[in-house]
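Good morning, everyone. Please look at the screen, and I will walk you through one chain.

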Amino acid sequence: MSEKNTTFVQILFEHVMNILIINGPNLNLLGQREPEIYGNTGFESYLNELQNRFSKHRLEYFQSNHEGAIIDKLHEAGFTADGIVLNAGAYTHSSVAIADAIKSITAPVIEVHISNVFAREAFRHHSFLSPVCKGVICGFGLDSYRLAIEALTK
Ligand code: DQA
């Protein structure tokens, strides 16, 4: 097959996915916040890396420190996005409302954490979100987000 035809066939069959990354409270301070746990890289520059790596897909990013705003975003994108990568921060361990929002939408949601929450305080071992998510990735630093997108796009 000629190179031109290969490209045409790729365009026909490669499904461009719309993936939303949601970061919850205090994750706007990545790079500054507890760097010994969360590292020195701000999320915006890491997002650039992700966008280059997954350039054939569309990655949207949303961050909020407010539970209701995260729920509104899940409702807004949850019936059209092909997948959602969610780091709900501390709301992971407290929010029945975010768990209900995930249950209400059709897009698969992957729960991610930068740190290994199971190696930390006991209150971080419980997640209200894990039972309603497609899967959970934690403990790989910012690479947790890449692994989640790999899982959604493969
Ligand atoms: C976190 C872990 C949570 O326990 C914590 O409250 C966060 C970040 C993580 O990415 O490791 O804010 O979700």
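Which residues touch the most other members of the largest nonpolar core? Hold that thought while I cover the ground rules.

This is a predicted model, so local features need pLDDT of at least 70, side-chain atom pairs count only at pLDDT 80 or more, and totals for chains, interfaces and linings use all residues. Residues are numbered from 1 along each chain as its sequence is written.

Now the answer. The core has 29 residues, and Ile84, Val85, Leu86, Ile98, Ile110, Val112 and Ala148 touch the most other members. A nonpolar core here is a set of buried Ala, Val, Leu, Ile, Met, Phe, Trp, Tyr and Cys residues joined through C-beta atoms within 7 Å. Buried means 20 or more other C-beta atoms within 10 Å of a residue's own; exposed means 12 or fewer; partly exposed is in between; and C-beta atoms are placed from the backbone. In soluble globular proteins, nonpolar side chains tend to be buried together.

Which elements give two or more residues to this core? They are β1 (18–23), α4 (67–77), β3 (83–87), α5 (96–104), β4 (109–113), β5 (135–138) and α6 (143–153).

Take Val85. Leaving out residues up to four places away in sequence, Val85 touches Ile19, Ile21, Ile110, Val112, Tyr145, Ala148 and Ile149. Contact means C-beta atoms, placed from the backbone, within 7 Å.

Step back to the whole chain. There are six helices and five strands. The order from the N terminus is α-β-α-α-β-α-β-α-β-β-α. Helices (H or I, at least four residues) and strands (E, at least two) are DSSP runs, numbered from the N terminus. Of the 154 residues, 29% count as buried.

Next, the ligand. Which residues surround the ligand? They are Asn26, Asn87, Gly89, Ala90, Thr92, His113, Ile114, Ser115, Val117 and Arg124. To be near, a residue needs its C-beta atom, placed from the backbone, within 6 Å.

Asn26 sits in the loop between β1 and α2 (35–38). Its phi is positive, about 75°, although Asn26 is not a glycine. Most residues other than glycine have a negative phi. Asn26 is partly exposed, with 14 other C-beta atoms within 10 Å.

Glu34 is in the loop between β1 and α2 too. Its phi is also positive, near 35°. Is Glu34 buried or exposed? Glu34 is exposed, because 11 other C-beta atoms lie within 10 Å.

That is the tour. Thank you.

Conventions
Contact = placed C-beta atoms within 7 Å.
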